[in-house]
Amino acid sequence: MQNLLAPGHRACAGCAMPTTVKLVLDAAGKNTIVVSPTSCLEVTTTPFPESAWCVPWIHSLFENAAAVASGVEVMMKRRKKDTNVLILAGDGSTFDIGMGSNSGMFERGHKVTYVCYDNEAYMNTGVQRSGSTPFCAQTTTTPPGSCSMGNPRPKKDMPAIALAHKVPYVATASVSYPVDLRRKVKMALQANGPAYIQVNAPCITGWTFETGTMVELARLAVETGLWPLLEWKDGNLVGVKKIRRPRKVEEYLSLQGRFRHLFKRPEGAEDLRLIQRLADENIAKYHLVD
Amino acid sequence: MIVKAGKLVDPCSSRVTETGAWRTFKPVVDHKQCIKCSLCEIYCPEGCIHQVRRGDRETLIKYGHDKEAGQLAPGDDFLFVPDLTYCKGCSVCAHECPHKAIEMVLEEK
Amino acid sequence: MKPSNMKVLEGSHAVAHAVMCCSPDVVSAYPITPQTHIVEHLSQLVADGDLEAEFLTVDSEFSALSILIGASAAGGRCYSATTSQGLALMYEVLYNVSGMRLPIVMTVANRALSAPLNIWNDQQDAIGARDGGWIQLYAEDVQEAVDAHPQAYKIAEDADIRTPVMVCMDGFILTHVYEPVNLLTKDAIKEFLPDFQPAEILDPNNPMTFGAFADPSTYTEFRYLQMEAQQRALDRIEKVAQEFAETFGRNYGGLIDTYHADDAQIIIVTLGSVVGTVKDTVDALRAEGKKVGLVKIRSYRPFPVQALRDALKDAEAVAVLEKDVSVGSEAGLLVDLKAAFYNSNLRMPIIGFAAGLGGRDITVKDVRRMAELADAARKGIEAEFEFLTLRKEIL
């Protein structure tokens, strides 16, 4: 395994993001240019004069990674280089503020692989709600209280947005299925156009869970059906990872501080049922359980 | 350190920051239990678990395993060894090891 | 002196032709009146094979300039054009480009800012962005706008400068006018402007990190380096203008230009296309025996402090005319000029006028009135700053 993300970076101990990045870079290889928006990834890896990146890397702004990557891709094409152009971005940039740039990049058909490590909130700025924050999750801008049960909105369906742009390769992945993740990155890099992969990346600081359990949590997210592992090529669903040991959503949610209020308050029971329904809908829609 | 126009930074230069200073618990690998599945190497967020030849004392010492280097039974295999210069003690490796070969031990400094 | 290549064509087309001659690698722009014809013409040049560049039709001005950050960092010569709302939308990216020291050249077809919505010319957009770290060159007519583009690349790409450049031309007035223009040629510009070969680019063979964050212990020094570079640009702008004049026979002054300013008692200071109207007014006033002159600012950033002090030192009153206001204060150029003079021993009255906002015409009559007010100010300033052509009857 080649480690193209050097140690000495400032990510929290037990964070899924550097593991994800390490695996993605291992699949992509040295002949890769990485573009990142402002994010946990960017600030933990590049405090001047240090950088954890062993491949060429560029950061510009929060909402323009896809645009910057488009410019890089255009120059690689112009110079007839087969260098991979890879975006490594958090969900805040991907789902919300970067939506315009992303849409433009997808629509123009640049050969750029977009990997979103999704920790389901604006973690870099202190755990605020993003478009990718799941229903009922506690964040600093959707705190539970006497008038609130946490985030009132469902998670934005970003893979569907990519598919609507006719992105030739779209996939969801998880840090807990590293072989699947690496394979999907390799498939994405071969796509004849843009590719989008969304990776579930548990955040110990934002979700609050027992240290060392980030892989276990990511696995549970998949096994409840809340994070199905899917793969689309040219708009067709070609890959579905079946759940071997189906779990109830409580087994996943109860391990996280950000859902604690659902278990402590009587109103939480109804929300837990709603979340179970979301999981069941995924299981039915994608035939996740044999 | 010289401030360069345009803020370009050398690659892999984060290695100067020895994040091993962060940890409270350190991973101790029982190499007899280890089945060499490499999941610890795959999951480590620091990328600081390496495959080291059993007889490579120099590397074992470089990674902070002075005592162990002298105590290992002889053999020709590769061992999975955490680099204690960078290990933050997050315990993902210990949690994921399918053979429970890694124990998190309170580190006395 | 190169042979003449004279054609009558629209200002936008002439600028697009000039950009083509600079052989950019990537053109990335979003349409906005009155810049549209520049970009449309560039796309036709690409479609016809005359311009061999990557041409991107993008999703917003913000993306347009962001795309060029990636392309420039990967070693490409880059071009964009915008105005008004588009420049405002790019505001964040402007600072990012200049901070990352990427030598992008962008035409700004100066236009008023909303609200109220107005598509006509004024200079609020670029003057409002004067702190963004870009060099700003203002063109008086189409020929100057054309000639400014290869000069802009030469200045920007200089290893000691590495600062992006805005070429400002008044929207509609210069973009949509038809004028006889001496067109450049690709071969001539290839001699004048060397290939863009930056020392470090995004390259897996030399993997550098671009855009690290700088904490309080180093951020100041990065800003200082930018200021230093613009100081060096004062000299560079002059030199490049001279080199251009030697090759092509046309000179607009480097940082500033003057017209009947040597013995003038009243000097009008301004920038952009209104210079033509002021020159006409100066001619008329001179014919009446009045000693009026003009100092035209070509480089607004870096601000040519010494050149202005030298040119204005013998004036008895100065009137500054500009197409912007700084609400809550006065106006950009006026404030910069007064600041440049305060610590010198020059003490003539300097009064300022905002005119032409939202595309309102500035006539010779208006400029005459301004000269009269400046004349009166020699005996004492009544108003330090005013709207020159305010329609009091509709207030």
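Two residues are in contact here if their C-beta atoms, placed from the backbone, lie within 7 Å. I'm jotting that down before anything else.

**Entry 1: what I'm looking at.** This is a predicted model. I looked up the confidence for chain C and found a mean pLDDT of 96, with 99% of its residues at 70 or more. For the complex, the predictor gives an ipTM of 0.94 and a pTM of 0.95.

**Entry 2**

**Entry 3: chain C against chain B.** Next I looked at the contact of chain C with chain B, which takes 15 residues from chain C and eight residues from chain B. On the chain C side, β9 (209–210) and α9 (219–248) each supply at least two residues. Which element gives the most to this side? It's α9(C), with three residues. By class, I noted eight nonpolar, three polar and four charged residues on the side of chain C that touches chain B.

**Entry 4: α10 and α13.** I moved on to helix packing in chain C. Helix α10 (residues 274–287) and helix α13 (residues 364–377) of chain C pack at about 65 degrees, with their axes 9 Å apart. Is the crossing of α10(C) and α13(C) left-handed or right-handed? It's right-handed. α10(C) brings residues including C:Thr277, C:Val278 and C:Asp280, while α13(C) brings C:Val364, C:Val367, C:Arg368 and C:Ala371. The residues of this contact divide into six nonpolar, two polar and two charged.

**Entry 5: α11 and α12.** The axes of helix α11 (residues 305–312) and helix α12 (residues 332–342) of chain C come within 10 Å and cross at roughly 80 degrees. Angles of 65 to 115 degrees count as roughly perpendicular, so α11(C) and α12(C) are roughly perpendicular to each other. I then listed who meets whom: C:Val305, C:Leu308 and C:Arg309 in α11(C) meet C:Leu337, C:Ala340 and C:Phe341 in α12(C). By class, that contact has five nonpolar, no polar and one charged residues.

Methods
Residues numbered from 1 in each chain as written. Chains lettered and ligands numbered in written order. Predicted model: local features only at pLDDT ≥ 70, side-chain atom pairs only at ≥ 80, totals over all residues. Helix = DSSP H or I, 4+ residues; strand = E, 2+ residues; numbered from the N terminus. Nonpolar A, V, L, I, M, F, W, Y, C, P; charged D, E, K, R; others polar. Axes fitted to C-alpha atoms, helices over the stretch in contact; angles between N-to-C directions. Parallel < 35°, antiparallel > 145°, perpendicular 65-115°, else oblique. pLDDT = per-residue confidence, 0-100. Left-handed = near helix turned anticlockwise from the far one by under 90°.
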